Amino acid sequence: MKSNKKFIALFLSAFLAISGLFAAFTPYPAVWLVKHIFSLTKYSYPENYEILKSKVAVERDINYNSAYPNGCLDVFYPKENKKDEIIFWVHGGGYVGDDKKKVEHYMTMLASSGYVVISINYALAPKYHYPVQLKQIE
């Protein structure tokens, strides 16, 4: 029985040591963790979302001619009563995950209040290293 406990303790120690070394030399474990955390996020829609949506026009997946992949944007704007202000929205995800579509309902809410909202996607790390994402935003 004692030898089983020693084996399990040794196995876990080795696993943690190897995992630590792997994480020290590659960003992929951290990237996986961040993507996983963002995938767990659930957003709630307002009760009057369909009414708000009917007040907004959307132009989707406009190519903004980036030198890098995933260079497209959506423009949300009110059908009436447009303000002069523009909101430029860069979705969250720590440059490693998520997508502009995930917060589309929020862009709709902003546009229904009179704002023009530009929501973009960008190339994701670690395949495309920082500052590629910032170059796409400029």
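The model is predicted, so local features need pLDDT of at least 70 and side-chain atom pairs count only at pLDDT 80 or more, while totals for chains, interfaces and linings use all residues. Residues are numbered from 1 along each chain as its sequence is written, and side-chain values use heavy atoms, with hydrogens and water left out.

**Aspartate 74**
- Aspartate 74 sits in strand β2; strands (E, at least two residues) and helices (H or I, at least four) are DSSP runs, numbered from the N terminus.
- Its relative accessible area is 2%, so aspartate 74 counts as buried (under 20%; exposed is over 50%, partly exposed in between, with a 1.4 Å probe and protein chains only).
- Setting aside residues up to four places away in sequence, aspartate 74 is in contact (heavy atoms within 4.5 Å) with residues including Glu59, Arg60, Glu104 and Ser119.

- Isoleucine 87 has valine 117 of β4 as its bridge partner.
- Together with helix α4 (residues 104-112), these strands form a right-handed β-α-β unit: with the strands pointing away from the viewer, the path from the first strand over the helix to the second runs clockwise.
- The buried residues of α4 include Glu104, Met107 and Leu110, and the buried set packs against α3 (49-54), β1 (56-63), β2 (72-78), β3 and β4.
- After α4 comes glycine 114, with a positive phi near 110 degrees.

**Valine 103**
- Valine 103 belongs to the loop between β3 and α4.
- Valine 103 is buried because its relative accessible area is 12%.
- Beyond neighbours within four places in sequence, valine 103 contacts Tyr43 and Trp89.
- Valine 103 and serine 119 are 16 residues apart along the chain, and their C-alpha atoms are 9.1 Å apart.

**Aromatic rings**
- There are 5 aromatic pairs, counted where ring centres of Phe, Tyr and Trp (its six-membered ring) lie within 6.5 Å.
- Tyr95, Tyr122 and Tyr130 make up one aromatic cluster.

How values were computed. Phe/Tyr/Trp six-rings, centres within 6.5 Å; stacked < 30°, edge-to-face > 60°. Pairing = 2+ DSSP bridges.
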